[in-house]
Amino acid sequence: MHGKVEICGVNTAKLKVLKNEETQELLRRTKQGDKRAREELIAGNLRLVLSVIQKFAGRGENIDDLFQVGCIGLIKAIDNFDIVQQVRFSTYGVPMIAGEIRRYLRDNSAVRVSRSMRDTAYKVLQCKEKLTGEKGREPSVEEIAAALGIKREEAVFALDAIVEPVSLYEPIYTDGGESLCVMDQVGDTHNTDENWLEQIALTEAITGLGKREKHILALRFYDGKTQMEVAAEVGISQAQVSRLEKNAINQIKKSIFVQ
């Protein structure tokens, strides 16, 4: 978040983190009409919103706006969550929050092209038309760039910049009343909701560990040190490192997979 701590007047460094049991109890009370429990549930899951909007950072959008939209998604998730289903709230909430943000970006974001880029593009088009008339054929990008005295990459980027963008929801095939959209043909195996859920759940689980356990896991799996090296640095035996490491991992697993 580029070092920004306060978003929409909320100090993100001091956001409350609810345990799974607390969340379930607040959800139960919320479904019974307890407005105070609903407010606590919203406040206790703002870190979930923060985790999701970080995936949309770097797109030129105002972080405050994304946070507010994410909160709308959170509220919808709280109001529509079925407490009878044996799933963690975050498993349901993350896709809802992400979906609300995606709709906002789809409906409100526009592709912005700088004036200098547009000017270059128009010059490229004019030069292309001129060279086509002179040569009796369509000129190559290299020929256009040479005629204008610019790099080939500049000509390519300029032309790409003024191409009319295609909506991800643009139908490309229809059969029996069901349409196949551009989005259905675009895959992203990295930034999926499933991966986000795993990352968020892991972060929450590690937050619940003690300071020493966090330090040992960081030395072992981030710095890549052996248990003997960790033992020497921390000042305990290798057997103690092994035990603390195993307990910490088991605690993380229990936190992630508890229903």
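Among contacts (heavy atoms within 4.5 Å) between residues at least 6 apart in sequence, 58% join residues at least 24 apart. The model is a predicted one: local features need pLDDT of at least 70, side-chain atom pairs count only at pLDDT 80 or more, and totals for chains, interfaces and linings use all residues. Residues are numbered from 1 along each chain as its sequence is written, and side-chain values use heavy atoms, with hydrogens and water left out.

**Whole chain**

Start with everything displayed. The protein has twelve helices and four strands. These are DSSP runs, numbered from the N terminus: helices are H or I with at least four residues, strands are E with at least two. Colour by burial next. Of the 259 residues, 30% are buried. Buried means under 20% relative accessible area, exposed over 50%, and partly exposed in between (1.4 Å probe, protein chains only).

**Helix α3**

Select 46-53, which is α3. Seven of its eight residues are buried, so the helix is mostly covered. The buried set is Leu-46, Leu-48, Val-49, Leu-50, Ser-51, Val-52 and Ile-53. Pick Leu-50, in this helix. Leu-50 counts as buried because its relative accessibility is 9%.

Select Val-17, Leu-18, Arg-88, Glu-204 and Ala-205. Among the 30 lining residues of the second largest pocket, these lie nearest its centre. The pocket's volume is about 810 Å³. On a 1 Å grid over the protein atoms alone, a pocket is an open set of points with protein on both sides within 12 Å along at least five of seven lines; lining residues have an atom within 4 Å of a point. Grid points are joined across faces, edges and corners, and the volume is the space filled by probe spheres set on them.

Which helices each supply at least two lining residues? They are α1 (20-31), α3 (46-53), α5 (89-108), α9 (193-207) and α12 (238-257). The largest share, seven residues, comes from α9. By type, the lining has nine nonpolar, 13 polar and eight charged residues. Here Ala, Val, Leu, Ile, Met, Phe, Trp, Tyr, Cys and Pro count as nonpolar, Asp, Glu, Lys and Arg as charged, and the others, Gly among them, as polar.

Go to Leu-217 in α10 (residues 211-222). Leu-217 is buried, at 13% relative accessible area. Beyond neighbours within four places in sequence, Leu-217 contacts Leu-209, Tyr-222, Glu-245, Ala-248, Ile-249 and Ile-252. Ile-249 is 32 residues away in sequence, yet 8.7 Å away C-alpha to C-alpha.

**Helix α11 and its neighbour**

Select 227-234. The buried residues of α11 are Gln-227, Val-230 and Ala-231. Viewed down the helix axis, they fall within an arc of 100 degrees (taken from the directions from the axis to the C-beta atoms), so they line one face. The face turned away carries the exposed residues Met-228 and Ala-232. After α11 comes Gly-235, with a positive phi near 90 degrees.

Finish at Gln-238 in α12. Gln-238 is partly exposed, at 32%. Outside four places in sequence, Gln-238 contacts Gln-227, Met-228 and Ala-231. The C-alpha atoms of Gln-238 and Met-228 are 5.4 Å apart.

Key. On a 1 Å grid over the protein atoms alone, a cavity is a set of points where a 1.4 Å probe fits but cannot get out, and a pocket is an open set with protein on both sides within 12 Å along at least five of seven lines; lining residues have an atom within 4 Å of a point.
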